[in-house]
Amino acid sequence: MKVFKKILSILGTILLVILLAVVVVMFNARLSGEAPSVFGYQVFRVSSGSMEPELMIGDVILIKEAEPQDIQKGDIVTYKGEEGDLDDKFITHKMIEDPQLVDGRYVFHTQGIYEGAVPDPDWYEDQLLGEFVCKIPFIDSVYSFFLKPYGLITFVLIIIVLFG
């Protein structure tokens, strides 16, 4: 029985350290206006219908850092907008043609896939965050739960139990 309690204590401590590390990384990234990245991967939540029906509002997606020369027509990428309505927003859209090398910099041409979508303004390689890897189906439910008041209370109670 003592061994079981010791194992639970160790697992609880490891879980708490991981949770705190994730919170610190997320908090630091949000304060700096950057997307949080862990081992070259980033998690985003889809907030508009521009990619429906492939990506629905509320979907949680995983993005992997990518080199500009590895991106091709048809890939779904995430970038940070720098002009107009897209300024300082993270946009996930489909490549409508291969990136083009202009004056030593890659220029990207993307667009949402919903009916009636118009192409995004051209953007450059320094705005590229990464390429879409997959949707994370269970996380969107958890994320939505914790955004609600009772979810926040549950989160606080979990932290208290872990510290206890």
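How many of the five residues of β3 are buried? Five of the five, so β3 is largely enclosed by the rest of the structure. Buried here means under 20% relative accessible area, exposed means over 50%, and partly exposed is in between (1.4 Å probe, protein chains only).

Before you click around: this is a predicted model, with pLDDT of at least 70 needed for local features and 80 or more for side-chain atom pairs, while totals for chains, interfaces and linings use all residues. Residues are numbered from 1 along each chain as its sequence is written, and side-chain values use heavy atoms, leaving out hydrogens and water.

**Stop 1: β3.** Select residues 76-80. I76, T78 and K80 point one way from the strand, V77 and Y79 the other way, and all are buried. Strands (E, at least two residues) and helices (H or I, at least four) are DSSP runs, numbered from the N terminus. Then bring in β9, residues 128-135, which pairs with β3 in the antiparallel sense over three bridges; here Y79 has L128 as its bridge partner. Strands count as paired if DSSP finds at least two bridges between them.

**Stop 2: the core.** Show side chains for I71, V77, Y79, I91, M95, Y106, F108, W123 and L128, the nine residues of the largest nonpolar core. Such a core is a set of buried Ala, Val, Leu, Ile, Met, Phe, Trp, Tyr and Cys residues joined through side-chain atoms within 4.5 Å. A second, separate core has eight residues, including V46, L55, I63 and L129. Back in the nine-residue core, centre on I71: leaving aside residues up to four places away in sequence, it touches A66, V77, M95, P99, F108, L128 and E131, with contact meaning heavy atoms within 4.5 Å.

**Stop 3: the open sheet.** Three strands line up in the order β5-β6-β8, with antiparallel pairing. β5 (100-102) and β8 (123-124) stand at the edges with a single partner strand each, so one side of each has no neighbour in the sheet. Select β6, residues 105-108, which pairs with β8 over two bridges, and find V107 opposite Y124.

**Stop 4: helix α1.** Finish on residues 2-32 and pick out I18. I18 is partly exposed, at a relative accessible area of 49%.
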